[in-house]
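Here's a quick briefing on a helix pair and on one residue's surroundings. Have a look at the model first.

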Amino acid sequence: MNTKNNRRRRESIERIEKVFVELLQTKNLQEITVSDICKASALNRSTFYANFADIYDLADKVKEHLEEEVNRLYETEVSQKFNSNDYLKLFYHIKENQLFYRTYFKLGYDNRQKITYYDFHQAQRHFDNQYIAYHIEFFRCGFNAIVKMWLAGGCKETPEEMDSIIRSEYQGRDL
(Lines give C-alpha, C1' and ligand atoms only; values in the text may rest on other atoms or scores of the structure.)
Protein backbone atom coordinates (compact mmCIF):
# COMPACT_ATOMS: atom_id res chain seq x y z
CA MET A 1 0.00 0.00 0.00
CA ASN A 2 1.34 3.42 -0.94
CA THR A 3 0.62 5.37 2.21
CA LYS A 4 1.80 8.91 2.60
CA ASN A 5 4.78 8.29 4.91
CA ASN A 6 5.83 4.71 4.30
CA ARG A 7 9.54 4.04 4.19
CA ARG A 8 9.66 2.98 0.55
CA ARG A 9 7.86 6.10 -0.62
CA ARG A 10 10.11 8.36 1.48
CA GLU A 11 13.18 6.64 0.03
CA SER A 12 11.87 7.13 -3.51
CA ILE A 13 11.20 10.82 -2.88
CA GLU A 14 14.69 11.25 -1.41
CA ARG A 15 16.27 9.54 -4.44
CA ILE A 16 14.30 11.71 -6.85
CA GLU A 17 15.25 14.89 -4.97
CA LYS A 18 18.91 13.86 -4.73
CA VAL A 19 19.14 13.12 -8.47
CA PHE A 20 17.34 16.36 -9.27
CA VAL A 21 19.77 18.41 -7.18
CA GLU A 22 22.73 16.65 -8.78
CA LEU A 23 21.38 17.29 -12.30
CA LEU A 24 20.89 20.96 -11.46
CA GLN A 25 24.61 21.31 -10.89
CA THR A 26 25.26 20.79 -14.61
CA LYS A 27 21.94 21.69 -16.26
CA ASN A 28 19.37 24.44 -16.09
CA LEU A 29 15.94 23.60 -14.74
CA GLN A 30 14.37 23.81 -18.21
CA GLU A 31 16.84 21.23 -19.53
CA ILE A 32 15.96 18.55 -16.96
CA THR A 33 13.25 16.08 -17.86
CA VAL A 34 11.26 13.61 -15.81
CA SER A 35 12.89 10.89 -17.94
CA ASP A 36 16.36 12.13 -16.91
CA ILE A 37 15.40 11.92 -13.26
CA CYS A 38 13.75 8.52 -13.55
CA LYS A 39 16.67 7.05 -15.46
CA ALA A 40 19.29 8.37 -13.02
CA SER A 41 17.27 7.33 -9.95
CA ALA A 42 16.23 3.95 -11.42
CA LEU A 43 12.57 4.68 -10.71
CA ASN A 44 9.48 4.59 -12.91
CA ARG A 45 7.73 7.68 -14.22
CA SER A 46 4.65 6.59 -12.29
CA THR A 47 6.67 6.85 -9.06
CA PHE A 48 7.70 10.38 -10.00
CA TYR A 49 4.15 11.45 -10.85
CA ALA A 50 2.75 9.81 -7.71
CA ASN A 51 4.80 12.31 -5.73
CA PHE A 52 5.23 15.38 -7.94
CA ALA A 53 3.05 17.11 -10.51
CA ASP A 54 6.06 18.07 -12.65
CA ILE A 55 9.67 19.29 -12.48
CA TYR A 56 8.59 22.67 -11.11
CA ASP A 57 6.63 21.03 -8.31
CA LEU A 58 9.74 19.01 -7.48
CA ALA A 59 11.82 22.19 -7.41
CA ASP A 60 9.32 23.83 -5.06
CA LYS A 61 9.34 20.80 -2.76
CA VAL A 62 13.15 20.85 -2.58
CA LYS A 63 12.97 24.55 -1.66
CA GLU A 64 10.31 23.87 0.99
CA HIS A 65 12.41 21.12 2.59
CA LEU A 66 15.45 23.37 2.81
CA GLU A 67 13.43 26.26 4.25
CA GLU A 68 11.83 23.91 6.81
CA GLU A 69 15.29 22.79 7.91
CA VAL A 70 16.46 26.39 8.30
CA ASN A 71 13.30 27.28 10.22
CA ARG A 72 13.96 24.36 12.59
CA LEU A 73 17.35 25.89 13.39
CA TYR A 74 15.57 28.92 14.84
CA GLU A 75 12.28 27.45 16.07
CA THR A 76 13.07 28.16 19.74
CA GLU A 77 13.74 31.80 18.99
CA VAL A 78 10.58 32.14 16.92
CA SER A 79 8.39 30.43 19.53
CA GLN A 80 9.89 32.55 22.33
CA LYS A 81 9.87 35.72 20.19
CA PHE A 82 13.51 36.70 20.56
CA ASN A 83 16.39 37.16 18.15
CA SER A 84 19.78 35.83 19.18
CA ASN A 85 21.34 36.89 15.86
CA ASP A 86 23.08 33.51 15.87
CA TYR A 87 24.28 33.20 12.29
CA LEU A 88 26.91 30.65 13.24
CA LYS A 89 24.44 27.75 13.25
CA LEU A 90 23.17 28.87 9.86
CA PHE A 91 26.70 28.97 8.43
CA TYR A 92 27.31 25.45 9.76
CA HIS A 93 24.08 24.32 8.10
CA ILE A 94 25.10 25.94 4.81
CA LYS A 95 28.53 24.30 4.90
CA GLU A 96 26.99 20.88 5.61
CA ASN A 97 24.37 21.29 2.85
CA GLN A 98 26.28 23.15 0.15
CA LEU A 99 24.68 21.31 -2.75
CA PHE A 100 21.17 22.20 -1.59
CA TYR A 101 22.04 25.84 -1.02
CA ARG A 102 23.68 26.08 -4.44
CA THR A 103 20.46 24.63 -5.87
CA TYR A 104 18.34 27.09 -3.88
CA PHE A 105 20.28 30.03 -5.31
CA LYS A 106 20.49 28.59 -8.82
CA LEU A 107 16.70 28.27 -8.92
CA GLY A 108 16.42 31.93 -7.90
CA TYR A 109 14.47 31.23 -4.74
CA ASP A 110 16.56 33.75 -2.84
CA ASN A 111 14.98 36.50 -4.94
CA ARG A 112 11.54 35.45 -3.76
CA GLN A 113 12.54 34.91 -0.15
CA LYS A 114 11.12 37.25 2.43
CA ILE A 115 12.62 37.69 5.86
CA THR A 116 9.74 36.69 8.08
CA TYR A 117 11.48 36.95 11.44
CA TYR A 118 12.79 40.46 11.69
CA ASP A 119 13.74 42.02 15.00
CA PHE A 120 11.60 45.15 14.95
CA HIS A 121 12.74 46.15 18.45
CA GLN A 122 16.33 46.20 17.26
CA ALA A 123 15.31 48.17 14.15
CA GLN A 124 13.52 50.68 16.32
CA ARG A 125 16.70 51.21 18.37
CA HIS A 126 19.11 51.41 15.42
CA PHE A 127 17.05 53.01 12.69
CA ASP A 128 14.55 55.00 14.69
CA ASN A 129 11.97 52.62 13.21
CA GLN A 130 12.20 54.33 9.81
CA TYR A 131 12.60 52.79 6.37
CA ILE A 132 12.49 49.27 7.81
CA ALA A 133 11.57 47.66 4.48
CA TYR A 134 14.75 49.12 2.97
CA HIS A 135 16.90 47.87 5.85
CA ILE A 136 15.39 44.40 5.56
CA GLU A 137 16.05 44.28 1.81
CA PHE A 138 19.60 45.60 2.23
CA PHE A 139 20.39 42.95 4.82
CA ARG A 140 18.75 40.13 2.82
CA CYS A 141 20.58 40.96 -0.40
CA GLY A 142 23.92 41.51 1.32
CA PHE A 143 23.65 38.32 3.33
CA ASN A 144 22.66 36.28 0.27
CA ALA A 145 25.52 37.76 -1.76
CA ILE A 146 28.02 36.78 0.93
CA VAL A 147 26.62 33.24 1.12
CA LYS A 148 26.71 32.86 -2.69
CA MET A 149 30.31 34.03 -2.75
CA TRP A 150 31.22 31.61 0.04
CA LEU A 151 29.53 28.72 -1.78
CA ALA A 152 31.23 29.63 -5.08
CA GLY A 153 34.57 29.46 -3.29
CA GLY A 154 33.82 26.02 -1.89
CA CYS A 155 33.14 27.23 1.66
CA LYS A 156 36.86 27.46 2.40
CA GLU A 157 36.38 29.88 5.28
CA THR A 158 35.07 28.39 8.50
CA PRO A 159 31.54 29.13 9.71
CA GLU A 160 33.18 31.14 12.51
CA GLU A 161 35.01 33.29 9.96
CA MET A 162 31.78 33.86 8.02
CA ASP A 163 29.95 34.82 11.20
CA SER A 164 32.75 37.29 11.92
CA ILE A 165 32.40 38.79 8.43
CA ILE A 166 28.67 39.37 8.94
CA ARG A 167 29.26 40.88 12.35
CA SER A 168 32.01 43.17 11.05
CA GLU A 169 29.60 44.51 8.42
CA TYR A 170 27.27 45.53 11.22
CA GLN A 171 29.86 46.96 13.59
CA GLY A 172 28.42 49.36 16.06
CA ARG A 173 25.11 47.58 15.99
CA ASP A 174 24.00 45.03 18.54
CA LEU A 175 23.99 41.77 16.56
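Helix 7 (residues 98–106) and helix 9 (residues 132–152) have axes that come within 10 Å and cross at roughly 125°. That angle makes helix 7 oblique to helix 9, since oblique is what's left after under 35 degrees (roughly parallel), over 145 (roughly antiparallel) and 65 to 115 (roughly perpendicular). The model is predicted, so local features need pLDDT of at least 70 and side-chain atom pairs 80 or more, while totals for chains, interfaces and linings use all residues. Residues are numbered from 1 along each chain as its sequence is written, and side-chain values use heavy atoms, with hydrogens and water left out.

**Helix 7 against helix 9**
- The crossing of the two helices is left-handed.
- On the helix 7 side, the contact (heavy atoms within 4.5 Å) is made by Gln98, Tyr101, Arg102 and Phe105.
- Helix 9 brings Asn144, Val147, Lys148 and Leu151 to that contact.
- By class, the contact has four nonpolar, two polar and two charged residues.

**Around Asn51**
- Asn51 sits in helix 3 (residues 45–51).
- Asn51 counts as buried because its relative accessibility is 15%, where buried means under 20% relative accessible area with a 1.4 Å probe, protein chains only.
- Leaving aside residues up to four places away in sequence, Asn51 touches Arg9, Ile13 and Asp57.
- With Arg9, the link is a side-chain to side-chain polar contact at 2.6 Å (a donor–acceptor pair of N or O atoms within 3.5 Å; residues adjacent in sequence count only if both atoms are side-chain atoms).
- A polar atom of the Asn51 side chain also lies 2.7 Å from the backbone oxygen of Thr47.

How values were computed:
Helix = DSSP H or I, 4+ residues; strand = E, 2+ residues; numbered from the N terminus. Buried < 20%, exposed > 50% of the residue type's maximum accessible area, 1.4 Å probe, protein only. Axes fitted to C-alpha atoms, helices over the stretch in contact; angles between N-to-C directions. Left-handed = near helix turned anticlockwise from the far one by under 90°. Nonpolar A, V, L, I, M, F, W, Y, C, P; charged D, E, K, R; others polar.
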